[in-house]
Each structure stands twice: as structure tokens, then as C-alpha cells.
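Dear colleague,

I am passing on the structure we spoke about, and I would be glad if you could look through it alongside the notes below.

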Amino acid sequence: MRKVALLLSTCVLFFLLLSTCRTARQGQDIRCGACRALVDEMEWAISQVDPKKMIQTGSFRINPDGSQSIREVPLARSEGNLLELLESVCERMEDYGEHIDDATTRKSYIRVKSRNGEAMDLSEATLDSRITSSLKFACEAIAEQHEDELIEFFSHETENVKDKLCSKRTDLCDHALKIPHDEL
């Protein structure tokens, strides 16, 4: 009888550990996907601002020598514009669906609504309100917790922001270096 109880408790413990690992990986997948989608949406929103528009930043105080330390920066990459974009970027997580890689069973998140009204292939995406609400929640948490890093990265044009921000800087994606750059 003791052996049966020991075997049963060992099996239960094993399944609990297995489900905990799966839940942790699902949480990582959603955070990674939210980070990558956030970067994609921010890059797109920045690209929609007229690059010729400039804004003056700096101090409007007059220095002792009579000069002012004002500089002009592109409006699209100004801190004020980036903060405004961060306020609304997570609303667009509703435009994403879940895709499960057959080989690795890792989840990724792909855009399911076109920005220009063109039809999209939705055959590989799962559309579910629970997924989009989880993605939106994760996006909002990332935007709040990593606001300074986001502003820092987007204030300058940078290559591979998804990898640099989501993998190296914030450790939200440990597997992201294997994900193609054009996934989102």
C-alpha cells in the first residue's frame, strides 16, 4: 500500500512540475510576443509621422552668456511623441492572433488585421479574445515597466530593435534570436 501511495504521489508531483513548466513557458511566450508586437507597432506609428516635422527641445532659459540650449529633433522620435504613442500602442494588440509553431510548439503572435484594408491569410492564426486580452495586459505591463528603455531605443533609429530590446535588454525573449525579423 505504501508503494502505491508513493508511486501515486510521485506521479502527481511530476505532473505538477510539468504543468508549472508549461505555464511558465506560456507566460514567457505571451510576454515575448507582446514585446515584439509593441516594437512593431511603435516602429509603424513612428513611420507614419512626417519626417520633416521638427520640434524644439531643451531649455528655454537664457544662459549667463546670453545663449539658449535649444535643439531641434524630429517630431516622430521626440520624447513627447513617443510617450503619446506608448499611451495607445497596446490598444492595437486586438489586431493580433496566436500562431503555434508545429516544430517547437512555441507560440508567437501575428497581425491578423491589415493596416491598409487588404485581405490577410488567417489560416495559421488563432483568434480568441482571451489571447488578445492577455497580449494587451502583457503589453501594458511592458510599457509601464520598461518605459525608459522604450523611449531610449525609439528616440534614435536602431537596427533590430526587437532583438536588442526584447531579448538582450529586458530578457523577455530568451528564444527570440531564432525568430525571423519579419514575423510581425
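For the helix packing described here, each axis is a line fitted to C-alpha atoms over the stretch in contact, and the angle between two axes, taken between N-to-C directions, runs from 0 to 180 degrees. Please bear in mind throughout that this is a predicted model.

With that in hand, helix α4 (residues 147-154) and helix α5 (residues 161-169) pack at an angle of about 150°, and their axes lie 11 Å apart. Because angles over 145 degrees count as roughly antiparallel, α4 is roughly antiparallel to α5. The crossing of the two helices, α4 and α5, is right-handed. On the α4 side the contact is made by Glu-149, Leu-150, Glu-152, Phe-153 and Phe-154, which meet Val-161, Lys-164, Leu-165 and Arg-169 in α5; these residues divide into five nonpolar, no polar and four charged.

Beyond its neighbours within four places in sequence, Phe-154 is in contact with Val-39, Met-42, Glu-43, Ile-46, Arg-77, Leu-82 and Val-161.

As for the whole protein, it has five helices and four strands, which follow the pattern α-β-β-α-β-β-α-α-α along the sequence, and of its 184 residues 35% count as buried.

Definitions and conventions. Residues are numbered from 1 along each chain as its sequence is written. This is a predicted model: local features need pLDDT of at least 70, side-chain atom pairs count only at pLDDT 80 or more; totals for chains, interfaces and linings use all residues. Side-chain values use heavy atoms; hydrogens and water are left out. Angles under 35 degrees count as roughly parallel, over 145 as roughly antiparallel, 65 to 115 as roughly perpendicular and the rest as oblique. A crossing is left-handed if the near helix is turned anticlockwise from the far one by less than a right angle, and right-handed if clockwise. Contact means heavy atoms within 4.5 Å. Ala, Val, Leu, Ile, Met, Phe, Trp, Tyr, Cys and Pro count as nonpolar, Asp, Glu, Lys and Arg as charged, and the others, Gly among them, as polar. Buried means under 20% relative accessible area, exposed over 50%, partly exposed in between (1.4 Å probe, protein chains only).
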